[in-house]
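Good morning, and thank you for coming.

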Amino acid sequence: VDASIDIIERLPTPFGLVRSGVAPDHPEVKNVEHDFERLFEEDKDDAGGDEGNEGTIAFRGNVRVGKDVSLEELQGLYDAVILAYGCEADRKLGIVGESDLTGVLSAREFVAWYNGHPDFVHIGEIVSDILKDGLENIHVVVIGQGNVALDCARVLAKGGNGLSETDVSSHALSVLGEGVGHVTVVGRRGHVQGAFTIKELRELTRLQQDGFGTRFSVREDDLNAGTTHSTTEELSGPGARPKVRIDKLLREAAAKSTPPEASGGSKKEVALRFLLRPAEFHPSQSDSTKIGSVVCERTKLEGPAGQQNAIGTGEYEVLPADLALISIGYKGVPLPGMTGIFDERRGVVNNIHGRVVTNSETPMPIKGLYVSGWLKRGPSGIIGTNIPDARDTVASIVADVKSLLLKHKAGANGMEEYGRNGLDSLLTSRKVRAVNWVAYQKIDKAEKGAGKNDGSSRPRVKITSVEEMMGLI
């Protein structure tokens, strides 16, 4: 298929969650950026290599779909539009104190802050105020047991000192300092039902061994309480090997767990707790506007293998908390103009194999409109999960090519041009400064240069102000 592809991004920088979501101490995961860079560079070389030349793939950053250009206008400009902007909201617990106590944040906000996303710089004021009286005595409760929750726990324990050679944002380095004293990660079900992978779990268990002065603890009675007959079946069924390895690692860690006074001088601790459902956030006794603790109900597992539910027992446990991070999942939000195609309950765009369809009883495809990624299937999986997902959507586009005749002619929809030229003309007329690939490279060069010039070995020092980024172009 002979096609040109334009990638539109709200920020002046590309790479989305790879830049602002992947943990800074996981540079190997960020290497996928190089694959995308090669696409732009090789394509530019094929087009002649001059600054004004662009090949079949082009980047347009600093463009807000729904504000600078509407979805309807994009549909008029292009034969096919693919929605791939992910999930920009959080799922809520819906419990007392969640929305009105300072210090209750979503993990998404916290991660975006320490990764230098311009929209979340303000989170630093909240975190800094909480941690200002001394990191050693701070208690953080992370709610949820996926990889993002474990990333948050690890970053908090390592602190800025332990991340000094990463691309963590500069503002986070000083605030996180030597790392917080107490981090507890809680989940309503058992360890076998946790959504984390063994890689992230092993990193937590090795914090002390790897020199970060943090002991890891897990309770054997928690593990045993979650090992119901159904859990035993889950550990012996098809595809159970990853869970068997997690069970083994946690039981070994539980056997080694020692009280703080016998932990070889470790001043910090990360604890993994299971079968605890947050019921309420309680205010601090010294300041009723701030969080002071998380009240959790003990749960037990009931149900068949693969379908066990966490049932409340009526027993409660109070966990001290100066900061609570909620990591129970993300949710997509619609763009203006997506009425009739967005599933508000699930937070996804209605689709069949990536073809966007209406919400009607008999779903009807919207010609030329497609979706991929979390916005298509929901917030699940890792970066690699998006590859088969994207292939599915692209296969639908390829199958539709013959029917994707130009839906517009010169002058249609008030536009005299279409495709990339039409978009550029439209943005220029609205005084929108779109950032192309060559312009972005100036930002990239400045960030990488700052990492070398400050005497550290940081791969880059991220610019966290859109205005500052645009000033470099």
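I shall speak about confidence, aromatic pairs, salt bridges, and finally a few residues in loops.

This is a predicted model, in which local features need pLDDT of at least 70 and side-chain atom pairs count only at pLDDT 80 or more, while totals for chains, interfaces and linings use all residues. Residues are numbered from 1 along each chain as its sequence is written, and side-chain values use heavy atoms, with hydrogens and water left out.

Let me start with confidence. The pLDDT is the predictor's confidence in each residue, from 0 to 100. Its mean over the protein chain is 92, and 93% of the residues reach 70 or more. Over residues 408-412, however, the pLDDT is below 50, and beyond near neighbours in sequence this stretch has 10 contacts in the model, a contact meaning heavy atoms within 4.5 Å. Where pLDDT is low, the predicted coordinates should not be read in detail.

I turn to the aromatic rings. Rings of Phe, Tyr and Trp (its six-membered ring) pair if their centres lie within 6.5 Å; planes under 30 degrees apart count as stacked, over 60 as edge-to-face and the rest as tilted. By this rule there are 10 aromatic pairs. Why does the pair of Phe 40 and Trp 437 count as stacked? The ring centres of Phe 40 and Trp 437 are 4.2 Å apart and their planes stand at 10 degrees, so the pair is stacked. Phe 40 belongs to helix H3 (residues 32-46) and Trp 437 to helix H16 (residues 437-453), so this pair links distant parts of the chain, 397 residues apart. Helices (H or I, at least four residues) and strands (E, at least two) are DSSP runs, numbered from the N terminus.

Phe 40 is buried, with a relative accessible area of 7%, and Trp 437 is buried at 6%. Here buried means under 20% relative accessible area, exposed over 50%, and partly exposed in between (1.4 Å probe, protein chains only). Phe 59 and Tyr 440 form an edge-to-face pair, 6.5 Å centre to centre with 65 degrees between the planes. Phe 59 lies in strand E2 (residues 57-60) and Tyr 440 in helix H16, 381 residues apart. Both Phe 59 and Tyr 440 are buried. One aromatic cluster is formed by Phe 15, Phe 36, Phe 40, Phe 59, Trp 437 and Tyr 440.

Next come the salt bridges. A salt bridge is a side-chain nitrogen of Lys or Arg within 4 Å of a carboxyl oxygen of Asp or Glu. The count comes to 34 salt bridges. In one of them, Asp 25 meets Arg 154, with the closest N and O atoms 2.7 Å apart. Asp 25 sits in the loop between helix H1 (16-20) and helix H2 (27-30), and Arg 154 in helix H7 (residues 147-162), 129 residues apart. Which partner does Arg 154 have at 3.0 Å? That partner is Asp 151, which lies in helix H7 together with Arg 154, 3 residues apart, about one turn of the helix. Both Arg 154 and Asp 151 are buried. A network of salt bridges links Asp 25, Glu 28, Asp 151, Arg 154, Lys 158, Lys 199 and Glu 203.

Finally, the loops. Asn 62 has a phi near 60 degrees, a positive value in a residue other than glycine, and Asn 62 counts as buried at 18% relative accessibility. Lys 431, in the loop between H15 and H16, also has a phi near 60 degrees, and Lys 431 is exposed at 75%.
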